[in-house]
Amino acid sequence: MSFTKDRITKQLENAKIKNLLRGTIIAAIYFTSTVLIPFWTFSWIKTINVEGVELQAYKQQVNQILFYVWAFGLLISGTAFFAYSAPKQSIRRGAFAVIQIILNCLYLWSYKFSGALEIEFDLVDLGIITVNLTQMILLYMGIYFLTVILKGYDLVDFIVNREKIKYKRGKK
Amino acid sequence: MWFQEYERIEFLQIIADIIALILGALQPVVTPIGAWMVSWVGFLLAFFPTGSLVPYYVIFAILVVSGIIVNTKWPGEKYIGVYTKEESERDTEGKDSSIEFHDDD
């Protein structure tokens, strides 16, 4: 086998390993941030007792949010693995990046089931403070929409400039 | 008191003011978009199964396995410019080439 051919075969092997490693690391980060941390947090909330009394009223809500955390967390992590183990500027990476952002929107909105969007603080001798986070979530969702537009633009760019991208890759 | 210590860190207040300014400026435009997003996200959520996590595990497994297969078979690095057609023909003269140049990813 010639030196050039040997080098290319080796580079192809490296690309495979690099892609899969990148996908695994990013998927692990997503899994930690979208499943493990929220799961531990809400599981801990479930165990909270106020002066020995369990917060039964919130248990159903917490169970529901735990379900959505697992469900969408798994989908987001799987999509992240597929997207980030795909080559840079590839069409499949662009497509899965768009899907991932949409799943992020679903995941974020599913938090409304936790009741976390409206929190009440009862201050002794002072009254009640209600913090309504709905506006903030709407703002977040709007920003997510802009991200969807950006990722969509990337995808169109990858499709339209396919030949140019391939040529650049060849030059590397 | 701890909050008196906090008040002394002025740059935090400046950062908070800047963020509030940006968010405040974005709000009239972004919030209605967010409201529209919420409407279709709420609609879409109704179609996701809520009884069991099994479908989600299955989809996760499919995504990971297909990701491994697809991205191993088509890693996307081609080096067409490095390895020219002439070089390929010279290397494989009189024998079958073991390297194929795909145009896919």
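Q: A residue is buried if 20 or more other C-beta atoms lie within 10 Å of its own, exposed if 12 or fewer, and partly exposed in between, with C-beta atoms placed from the backbone. Which exposed residues sit on the face of α3(B) turned away from its buried side?
A: That face carries Val54(B), Val58(B), Ala61(B), Ile62(B), Val65(B), Ile69(B) and Lys73(B). Helices (H or I, at least four residues) and strands (E, at least two) are DSSP runs, numbered from the N terminus. This is a predicted model, in which local features need pLDDT of at least 70 and side-chain atom pairs count only at pLDDT 80 or more, while totals for chains, interfaces and linings use all residues. Residues are numbered from 1 along each chain as its sequence is written, and chains are lettered from A and ligands numbered from 1 in the order in which they are written.

Q: And which residues of α3(B) are buried?
A: Phe60(B), Leu63(B), Gly67(B) and Asn71(B) are. They lie on the same side of α3(B) because they cover an arc of only 60° around the axis; the arc is that of the directions from the helix axis to the C-beta atoms.

Q: How many residues has that helix, and what span does it reach?
A: Helix α3 of chain B, residues 54–73, has 20 residues and reaches 28 Å from its first C-alpha to its last, close to the 28 Å expected at 1.5 Å a residue. The expected span is 1.5 Å times one less than the number of residues.

Q: What about α3(A): what should its residues span?
A: The 20 residues of α3(A) should span 28 Å at 1.5 Å a residue, and its end C-alpha atoms are 29 Å apart, which agrees. Among the buried residues of α3(A) are Arg92(A), Arg93(A), Phe96(A) and Trp109(A).

Q: Stepping back, how many helices and strands has chain A?
A: Chain A has five helices and four strands, in the order α-β-β-α-α-β-β-α-α from the N terminus. Of its 172 residues, 27% count as buried.

Q: And chain B: how many helices and strands are there?
A: Chain B has four helices and zero strands, which run α-α-α-α from the N terminus. Buried residues make up 13% of its 105 residues.

Q: At what angle do α3(A) and α4(A) pack?
A: They pack at about 170°, with their axes 8 Å apart. Axes are lines fitted to C-alpha atoms, for helices over the stretch in contact, and angles run from 0 to 180 degrees between N-to-C directions. α3(A) is therefore roughly antiparallel to α4(A). Angles under 35 degrees count as roughly parallel, over 145 as roughly antiparallel, 65 to 115 as roughly perpendicular and the rest as oblique.

Q: How many nonpolar, polar and charged residues has that contact?
A: The contact of α3(A) with α4(A) has 15 nonpolar, four polar and two charged residues. Ala, Val, Leu, Ile, Met, Phe, Trp, Tyr, Cys and Pro count as nonpolar, Asp, Glu, Lys and Arg as charged, and the others, Gly among them, as polar.

Q: At what angle do α3(A) and α2(B) pack?
A: They pack at about 90°, with axes 10 Å apart, and are therefore roughly perpendicular to each other. Cys105(A), Leu106(A), Trp109(A) and Ser110(A) make the contact from α3(A), with residues including Met37(B) and Leu45(B) from α2(B). Eight residues of this contact are nonpolar, two polar and none charged.

Q: Last topic: which residue has a positive phi although it is not a glycine?
A: Gln89(A) does, at about 65°. Most residues other than glycine have a negative phi. Gln89(A) is in the loop between α2 (56–84) and α3 (91–110) of chain A and is partly exposed, with 19 other C-beta atoms within 10 Å.

How values were computed:
Contact = placed C-beta atoms within 7 Å.
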